[in-house]
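Me: I'm about to look at this structure for the first time. Could you walk me through a few parts of it?

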Amino acid sequence: QQAPAQAPAASAANTFDAVRSRGTLVCAVNTGLAGFAQPDSQGVWRGFDVDYCRAFAAALFGDPNKVRFVPTTAQNRFTALQSGETDVMARNTTWTLSRDTSLGLDFTATNFYDGQGFMVKRSTNVKSAKELEGATICVQPGTTTEQNLTDWARANRIRFTPVVIERLEELVSAYAAGRCDAYTTDVSGLASTRSAQPQPNDHVILPEVISKEPLAPAVRQGDARFADVIRWTHYALIAAEELGITQANVQQMANDPRPEAQRLLGRNGELGKMLGLDNAWAVNVIKAVGNYGEMFQRHLAPLGIQRDESPNALWTKGGLQYAPPFR
Amino acid sequence: MSDITLDTAVAKAPEAAPRTAPLSQIGLAGWLRANLFSSWINTAVTLVVLYFVVRWAIGFIEWGVINAVWSVPDNQSQACRDIKGVGACWAVIAEKHRFILFGTYPYEEHWRPALVCLLFVGLYVVSAMRRFWRKELALIWIATLTVIGVLMWGGVFGLSYVPQERWGGLPITLILATFGLAFAFPLAILVALGRRSKLPAIKALCVLYVELIRGVPLISLLFMASVMFPLFLPEGMNIDKLLRAQIAIILFAGAYLAEVVRGGLQALPKGQYEAADALGLSYWQKTGFIILPQALRLVIPPLVNTFIGFFKDTSLVLIIGIFDLLTAGKTAIIEPAWQGFGVEVYLTVGAIYFVFCFAMSKYSQGLEAELNRHRVR
Amino acid sequence: MSDNLVLEPGASVASTARTDAPPAILMDRVNKWFGALHVLRDVTLSVALGERVVVCGPSGSGKSTLIRCINRLETHQEGRILVDGTELSDDVRALDTIRREVGMVFQSFNLFPHLTILENCTLAPIWVRRMPKAQAEELAMEYLTRVRIPEQAKKYPGQLSGGQQQRVAIARALCMKPKIMLFDEPTSALDPEMIKEVLDTMVSLAETGMTMICVTHEMGFARQVADRVVFMDRGEIVEQGAPADMFENPKTDRLRLFLSQILRGH
Amino acid sequence: MSDNLVLEPGASVASTARTDAPPAILMDRVNKWFGALHVLRDVTLSVALGERVVVCGPSGSGKSTLIRCINRLETHQEGRILVDGTELSDDVRALDTIRREVGMVFQSFNLFPHLTILENCTLAPIWVRRMPKAQAEELAMEYLTRVRIPEQAKKYPGQLSGGQQQRVAIARALCMKPKIMLFDEPTSALDPEMIKEVLDTMVSLAETGMTMICVTHEMGFARQVADRVVFMDRGEIVEQGAPADMFENPKTDRLRLFLSQILRGH
Amino acid sequence: MSQTTMDPRLLRAPPKRKLRLSWADERVRGIVWQVLVVGVVGAIAYWLWSNTVHNLEVRRIATGFGFLDREAGLPIGESLIPYSPTDTYLRALTVGLLNTLKVAVVGIVLATVLGTLVGIARLSRNWLLSKIAGVYVEVIRDLPLLLQLLFWYAILQALPGPRQSLNPVEGVFLSNRGLKLPWLEWQDAHTYALLAFVAGAVGTWLWARRATALFLQDGKPRPVWPAALGLLVGLPLAVWAAFGAPWTVDWPALRGFNFRGGLTMTPEYFALLLGLVLYTAGFIAEIVRAGILAVPKGQWEAAQALGLRPGAVLKRIVLPQALRVIIPPMTSQYLNITKNSSLAVAIGYQDIVSIANTTLNQTGQAIEGIAIIMLVYLTISLSISLFMNWYNARIALVER
Ligand SMILES: Nc1ncnc2c1ncn2[C@@H]1O[C@H](COP(=O)(O)OP(=O)(O)OP(=O)(O)O)[C@@H](O)[C@H]1O
Ligand SMILES: Nc1ncnc2c1ncn2[C@@H]1O[C@H](COP(=O)(O)OP(=O)(O)OP(=O)(O)O)[C@@H](O)[C@H]1O
Ligand SMILES: [Mg+2]
Ligand SMILES: [Mg+2]
């Protein structure tokens, strides 16, 4: 299974050096998905994924602004990464075995645990996805979503009429206008769509989650060092939250006596050097974007995405977000 | 003879004075009668059309002006939501117009793409004027396009560097269309010449290219540029997305323009070719000095029409995720606060496209009439 | 064949009009405006059956408009026009009747380029007169022989010279067996050598006793066949009379001026 | 009839041709086909330096093709053509040489409408002869003065009358200082009053001793300047000789017929 | 003179020419040029090809069309043939192709009709009508088609939901789920009645031709409509009755979430069709107008002067001449409508591009996916061109 990775290794092996010598990181993001990546009225990219890109840049260069965002569609996201047009992809992409193995990519660490669900209008009085027999369902093509839906419908003997629209905005507005009875995508997407509706309470996200959708940033296969930086940046964000280090208090926390905090913040040990980075890398990251919880709060909570009791909660609170030890 | 002329001039024969036509023939009444109510069927048509036009116009004015919301305090789109369906929410334009026009270009640097748009318009205006139809025009184009590149990218003369992914909105549309034309044009000339060549292999190659491209939709070429192009290049070499789309548009435009140019070449009398041959001019001298200057002049009106087509077609890059005017417009309404105001944004974007295309099409019609008058004389 | 053309057996002497019969065309104080432009002013004209009238006058004087009013290619706005006893009005049936009775030959031939010569000639007899095709073709060949181009029947108009085309146009009009023929400067778009062949055809047509109104500046033709010459200027009939009389003794200055001009021109 | 054919190359009875010098043009049993159509049949013709030859013959007899073969606007398929000692073949360099030596004037002028008169005349000297622009313009003005239209130099062809345009075309050809001039019916697209001015120009050119081959039906011109008249029919040279001789005593029936036609036509 | 014609030299055919190997030889130069150009193009093509092969290998992207037999698993909203997600990719693509054809064919017919009407309206003597038609043409032609499609789709979505759907006539529902019409429960009898109707149409056409021929023979006009009535209405009815006149109407009814039964026209299809038809009609209108204006006024007048009625003038004189001018540009509009139907992908109508696109996304086989799209369009374009050229040649034949 390693064989295919050999040839790209030639060019991918030095992604780290290439990025460092270029001085900017090129990060693939969604063309527009509320909460995750989307330009605001002034044309500045904002969102959860976007902040991850900034965090990577802060880790690599100590400056969160040394990043360029390349909007990608569902079709060209993988080619954009394969061809070297982008260095890293933080674009709500599900980590699957086939993608990990056959596309010449490496997924790093799951930064968001998602799962596919359904949303309906409250007025339909539907309480469970099983009641969707005969419904019209809005779905995006060319993604795992579409296949999950057909698998699930077959398993549950449900007939449905699909409305398949490529661009998300269109799909959402089709649902909102009542073109479909139900809208299916990852729960996070549902939540963000729901919160964007004039009356969010008119929409219900059904309890069934029909798939696992771990979203993870991906890099080209072959440069383990670069992948490490990406992976550990994520872990730094988690660890910061575990340790209570925030954007606001990261300077004061430098004096925090806890050894793990000392190591994370580069006061103690050479963890940054080991990654090939500055020892203050984690400080830079947190200064730029805050910790994981802050990012979540900033971008996803306003969309109505629950964190408590979801897999995205810290492991200490019953979730799955867990950082390996910084030592 | 001359005295007769004199006679008539002095002594006019008695004649019935020209009467004015009956009132029903002239003036407003005459005009109305002739143009709107000349027969009962005509009258019926007039009334029906009038009814619909008036009803639609009143409805539109009510929605678009009287009941419209023009602005809201920062992102509080609730006022807009309340009147949805009854009035337009122009507040979305007030809030998002700079994003629609310039996309993700750095906000403080928006004067640069704005200047670029003005330069493009200036370029079009200058190219439209017949007194600039000289060789120097090519220099003007090269100079302007260079300045545009400098402005957009920056990185020199104290302008900050702006990478290509941050460009967006109207400049992208103008760049795709104009650079598309500028590069497709020489290609088109070569292909058109090739298609008329006596050498069978070259001719076949050109025919194949033109027919292949014209037989498939532009979006399949754009898909190819976006998905397949990276496969064509050696590893490690990559071309950014805008450039790939630009190449697809150039290849596409090249085929259509080649047919336009070929039309001009065919319209040129054979005698011009023969006279040039008889003077001993070589093939390239003949082509450059005699054939092309005349043939291209003949095809300027269809050229402008083709250009309008490309201008509109650049909107298809939406499908591969490039932030042109239309994509920027659509992206503007992703933000939760502004979702659902597509019609307002589409109308605005449509108005921008319309202004450009309408101006060009009027110009081409005028030019065509003028050139035809020339040819008749 | 010639009996097809001779409308009244007694009409062999073509010199004078029979004023006793009801007039073929009667125009009574006809007025016409194009917008505010007064193009026909109180025109009163009566043409007897079998009479041959030549209309002349300076350019823009309303000659074409006059004869185009007769088969209602233009509508007049005041006054009355009676053709063969039928009054021209908005009535569609009256118009159909009149158009069948009146043949017209245009300056620019107006043959139908997508039909052969024979088809050009048989079109109206078949679809308007509902004549069987074979009979219509026979008739058409007769008239084509009459204008001396039967051998061109299978060709298309584009393949014929101008003079030949104009003769086809005459044959086409004759195929409807009209009582009245209108000619609007039938020779002015032709080269000199072709003018003669068309004029010859018209002369021989005149000799059959056909009622004709012809706008032309061919004074030779007028002298040879016209019973009457009508001189128009600025939308009025200024003077009319026998050709010899008119040309030798013009009564009005306007006619004198006109004659001097066209004679100088030739 | 075939015994009347005069085909021997030595048959030139031209009065002033210098037969001692090598011939300017030598065509030896030239044959040409358009597809299956045999347009030139064993044409053998020798034109001495300084000789003036007029070619005439009925339409379609191959006159244009003959002279267009001389500067290879058409390619012949059999036989040899030598121009000023260089043989015409697929060789591009030979062709370049020949085209510089041979000037051509067309029936329809073929001036370049987008260039001024002066630019029309200097184009080839500058780009083919690589003459400095100033010198080329001086030369052009000299020839334009020769054809008596120096004052039009800055105008565009569209602003000139037909006769003037044809004189520009002659000047344009002369600017390449050709040894031989070819004329293909240079006056037949002109109005009568303009024919004379072009013919005058050609006569004065002939007086400078230029080698000329001219396709024309202007018999007056032929009589005045031609050393020899060549009569072609159906792709063959049927008869040739001094103009006076040819016109007064045509030896073949075909020439006699032809002469009677063109004389009647005029 | 005939002696000359018999001249044996006349029968001689042109000789073949020999090639001389020299750079100065025109033909040698020609060959060298061609080899050079074709070589360069070939080299570029080879370079791209070898890169592609290498990249495919490296990225482990399988090539070949084997994936066509695999299960697609992609849901399709509307289909002319039975389809379920368990079917193969090949079948899914076939569904897409049929959907493309459905839009293209219906679009061509409607755009031609609308365009002709608008073109004639622009020539109308009614000032208001002609001005409105003019404004329509200008506006429609100066806006990108994609924008128009999005606009119409947005408008259609603003229709009320199925529960509040407009119900202008019993059994007809218009909602944001599309247009629902009552439809017969199809039985064999209906198939036979339909066949009878087709036969009736052919019969009517034959009779119309015969009537014209007879009319040309004896000049007696024979009305076509009684026969048409009998053949087009009577015959199918009789056949239907003979099979027992089954008559069960499938009324669309709101059950659960959606209407069940009846005939559906989805908003996606409708928006695409509307957009394409309105857009293309703008161009066709101009073509028709130019075609009619190309017939000189003298032709109208001459025909009128011969006593032809307005209908006959149009049919026998003006249209045959106008068509010559109209057909070639019309062909390119038909090609455009077909190619533009690919924009369906933007508004969720599942045409060939949309399905091939999803396929290449799921299988990663970009080259094959795009090759399929191109091949389909090239084939359609070529067929339309051939048909229109044939038709053009046929009517050109009438002229010369
Ligand atoms: N369709 C029209 N609309 C407006 N004015 C017209 C129209 N047709 C003719 N006229 C005007 O009416 C006047 C009479 O025109 P008419 O063609 O009858 O003159 P004419 O005597 O036939 O001239 P000619 O000898 O040049 O043919 C002219 O001034 C002409 O400009
Ligand atoms: N390019 C061509 N292709 C085919 N046939 C041609 C071509 N050019 C000329 N011909 C034919 O060759 C024959 C000779 O033509 P050519 O033009 O030399 O005659 P010509 O004597 O100059 O006649 P004219 O007095 O009409 O100019 C004619 O039958 C003509 O139809
Ligand atoms: Mg007139
Ligand atoms: Mg000739």
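Here are some questions and answers on the ligands, a helix and the domains.

Me: What kind of model is this?
Reply: Keep one thing in mind while you look around. What you have here is a model that is predicted.

Me: Which element gives the most to the shell around ligand 1?
Reply: Start with who sits there: the residues around ligand 1 include C:Phe34, C:Pro58, C:Lys63, C:Ser64 and C:Thr65. Two elements of chain C, strand E2 (37–47) and helix H2 (63–70), each supply at least two residues of that shell. With 3 residues, the top contributor is H2(C).

Me: How far is an oxygen atom of ligand 1 from a polar side-chain atom of C:Ser64?
Reply: Let's go through some oxygen contacts of ligand 1. The side chain of C:Ser59 puts an N or O atom 2.5 Å from an oxygen atom of the ligand, and a backbone N or O atom of C:Gly60 lies 2.7 Å from an oxygen atom of ligand 1. For the polar side-chain atom of C:Ser64, the distance to an oxygen atom of ligand 1 is 2.6 Å.

Me: What share of the exposed area of ligand 1 does the protein bury?
Reply: Picture ligand 1 on its own, where it exposes 630 Å².

Me: How many residues of the shell around ligand 2 are charged?
Reply: Over in chain D, the surroundings of ligand 2 include D:Phe34, D:Ser59, D:Gly62, D:Lys63 and D:Glu185. That shell has 4 nonpolar and 6 polar residues. The charged ones number 2.

Me: How far is an oxygen atom of ligand 2 from a polar side-chain atom of D:Lys63?
Reply: An N or O atom in the side chain of D:Ser59 is 2.6 Å from an oxygen atom of ligand 2. For the polar side-chain atom of D:Lys63, the distance is 2.8 Å.

Me: Is H14(B) mostly covered or uncovered?
Reply: Helix H14 of chain B runs over residues 300–313 and reaches 20 Å from its first C-alpha to its last, close to the 20 Å expected. Its buried residues include B:Ile300, B:Leu303, B:Phe307 and B:Phe311. With 10 of its 14 residues buried, H14(B) is mostly covered.

Me: What distance separates the centres of domain 1 and domain 2 of chain E?
Reply: The domain assignment gives chain E a domain 1 made of 89–185 + 248–395, and a domain 2 at 186–245. Taken over C-alpha atoms, their centres are separated by 29 Å.

Notes
Residues numbered from 1 in each chain as written. Chains lettered and ligands numbered in written order. Predicted model: local features only at pLDDT ≥ 70, side-chain atom pairs only at ≥ 80, totals over all residues. Heavy atoms only, no water. Near = heavy atom within 4 Å. Polar contact = N/O pair within 3.5 Å; in protein donor to acceptor, adjacent residues only side chain to side chain. Nonpolar A, V, L, I, M, F, W, Y, C, P; charged D, E, K, R; others polar. Helix = DSSP H or I, 4+ residues; strand = E, 2+ residues; numbered from the N terminus. Expected span 1.5 Å × (residues − 1). Buried < 20%, exposed > 50% of the residue type's maximum accessible area, 1.4 Å probe, protein only. Domains from an automatic or database assignment. Areas by Shrake-Rupley, 256 points an atom, 1.4 Å probe, with all protein chains shown as cover.
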